[in-house]
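Please read it alongside the sequence and the structure.

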Amino acid sequence: AGANRGPVAPPRPPGTTQDMPDSSPNTKPVGSSPRRGQELRTCDSEPVLELEDSPPHSMRASLVVDAPGTHTARSRVPLALSCCLSAGLAALLLLALSREPEATRVVVVDRSREACGGNGMLYPGEDACDCFDCFEDPSCSTRLEGEACVVVANSGTPYLFEDYWLARPRSAPLSVLPSYHIGYDAHVPRLEAAIRSLHGLVGNAVTDGREVVVGIGSTELIAAALYALSPTQDEATASVWSRAPYYSGYKQSATFFRSAGFEWAADNASSPPPATAERPLIELVTSPNNPDGHARAASVAGPHSSAVMDHAYLWPHFTAVGPPVAYGNSTVALFTLSKMTGHASTRVGWALCSDPHVAGRMRDFVQTATFGSPRENQLRALAVVEHVVGSGGEIFTFARGRMLRRWERLPGLFFSPPAAG
C-alpha cells in the first residue's frame, strides 16, 4: 500500500563520513594540491572535504560537521605520512602546520524525514514538509484521528525504497552545470551502456544484438511501441488486446491519441480477436503481471501478431529471475526505473528491440512527441543505475528483505489468532 512507508532507517554510526560531490559530474581531482571541493584522505582512509567557506544555505540541512578535535590542517604534505611516524613526531608536524587554515571534515546525512519528525519529507527548496497520510501542518506534527485520517492505499508510488536512499545520500550524486548540453541533442550513450551492464548483472534480459530506446517512462514507451508495431499502410488498423486482469494504463495508451493505426479491442473480450493482414494484433503483456503478480507469456503467435512485453516488475525483489528474456523481431520488451529503484518521478524507461526498424519507429515517436527524454532525467537515471551495478545489486537485497517482512506481517491484519482454551 502506498501509505505503508516502513520503519525509519537506523542512524549512521558515529564517525562514518562520506565525501561530497564536485560541482560538475565530469570534474576529477588533479595535481597534488587540493582545490575547493577536492577530496583529501587521512591515514585511516576516511574522506575529508575541504571547504574554504561556509556551505551554501541549501546544503546546510544535509551536513553534519564533526567535533573540533577531528579537524585536520591543510598542507601539501601527504597526510598518510603521519601513519608512518611516531605519535610524537606526528604531533610536532601538526603543530608546525597549525598556522595554516583548517579544513573541515563533513559528514553527509540526509535529514529529509527527520526534519518532519519522521512523519513526512522536507525536500530542498521547500518551506513545509510533504506529510505522510494522517499527518498535517508544516512540520507534520499534527496527527489526524478517526474519520479525518484517510489512508490512500491505491497508489503505486514506490515508497518501498525510501529508507534505502535516505541511508545512502552520497550513493548516486548529481550536479549539473548550467552550460551542460544546452542544445537539443538528448542522447546519453553512457546511460545505454549502464542499462546493458544492469541487465548483465541481474540476468533478466539479453541485450546483445538488441537496441536500447530510452523514453519518458513506460507510459510513453507503450504508446511508442504501439505506433512502431502498427501497420504502415493506410488501409490496415491493428487491434490492441490484453488478457484480463491487465494494467489499467494500457487502455489509455491505446486510445488517447485516437490513432488510425491501432485501436483498443480488449473491452469485454476474454479471448483475442483474430489476427489477419488487414487486422493485425498487438498484445500487451505484463510479466510479472499487475495486479496479480503471475508470470505471463504472449497468448497469440503468428505472422500477423506482435507483442509488447512489459517487464516493469522483472527484478529480483519482486520475482525469481529465470532465464533472461530474448525476444524476436515482433516483440518489444519494456523496463522502467520506477519499480527498480523507486525513482518514479524521474520518468525514465527503456525498450529492448531486436528489429532496428521497430527501434527506429519508436525513436521517431519519442522525438516527435517529446523531443526525446530530458538529459537531466537521464543523468539521474545514470547515477542510480551505475550505483546499482557498482554495489552488486545491493538494493535488490534490501527491497526483497523489506517486502518479505511486510508479507509476514500482512496476515495479522486480516486474521486473529484463536482464543486460548
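## A histidine in helix 9

His387 counts as buried because its relative accessibility is 13%, and the cut-off for buried is under 20%. This is a predicted model. The residue sits in helix 9, which spans residues 375-390.

The side chain of His387 makes a polar contact with the side chain of Tyr164, at 2.7 Å. Leaving out residues up to four places away in sequence, His387 touches Tyr164, Trp165, Arg168, Ser171, Ala172 and Glu394.

## Disulfide count and pairing

How many disulfides does the count come to? The count is 3. With the bonded cysteines of the chain numbered in sequence order, the pairing reads 1-2, 3-5, 4-6.

## Cys116 and Cys129

The sulfur atoms of Cys116 and Cys129 are 2.0 Å apart, and the two residues form a disulfide. Cys116 lies in the loop between strand 6 (106-108) and strand 7 (120-121). Cys129 lies in the loop between strand 7 and strand 8 (130-131). The pair therefore ties together parts that are 13 residues apart in sequence.

The torsion about the S-S bond of Cys116 and Cys129 is about -95 degrees, so this disulfide is left-handed. Both Cys116 and Cys129 are buried.

## Cys131 and Cys140

Cys131 and Cys140 form a disulfide with sulfur atoms 2.1 Å apart. The S-S torsion is about -100 degrees, so the link of Cys131 and Cys140 is left-handed.

Are the two cysteines buried or partly exposed? Cys131 is partly exposed, at a relative accessible area of 23%. Cys140 is buried, at 0%.

## Cys134 and Cys149

Cys134 and Cys149 form a disulfide, with 1.7 Å between their sulfur atoms. Cys134 is in the loop between strand 8 and strand 9 (135-136). Cys149 is in the loop between strand 10 (142-143) and helix 3 (162-166). The pair therefore ties together parts that are 15 residues apart in sequence.

The link of Cys134 and Cys149 is right-handed, with 80 degrees about the S-S bond. Cys134 is buried, with a relative accessible area of 8%. Cys149 counts as partly exposed at 29% relative accessibility.

## Another buried cysteine

Cys353 has 1% relative accessibility, so this residue counts as buried.

## A nonpolar surface patch

Which residues form a nonpolar patch on the surface? They are Trp407, Leu410, Leu413, Phe414 and Phe415. Together they have about 670 Å² of accessible area.

Leu413 is found in helix 11, residues 411-414. Leu413 counts as exposed because its relative accessibility is 66%, and the cut-off for exposed is over 50%.

Key:
Residues are numbered from 1 along each chain as its sequence is written. This is a predicted model: local features need pLDDT of at least 70, side-chain atom pairs count only at pLDDT 80 or more; totals for chains, interfaces and linings use all residues. Side-chain values use heavy atoms; hydrogens and water are left out. Patches are made of residues with over 30% relative accessible area and no salt bridge: like charges are joined within 9 Å, nonpolar side chains (Val, Leu, Ile, Met, Phe, Trp, Tyr) within 5 Å. Accessible areas come from the Shrake-Rupley method with a 1.4 Å probe; for residues, only the protein chains shown count as cover. A salt bridge is a side-chain nitrogen of Lys or Arg within 4 Å of a carboxyl oxygen of Asp or Glu. Helices (H or I, at least four residues) and strands (E, at least two) are DSSP runs, numbered from the N terminus. Buried means under 20% relative accessible area, exposed over 50%, partly exposed in between (1.4 Å probe, protein chains only). A polar contact is a pair of N or O atoms within 3.5 Å; within protein, one must be able to donate a hydrogen and the other to accept it, and residues adjacent in sequence count only if both atoms are side-chain atoms. Contact means heavy atoms within 4.5 Å. A disulfide is a pair of cysteine sulfur atoms within 2.5 Å.
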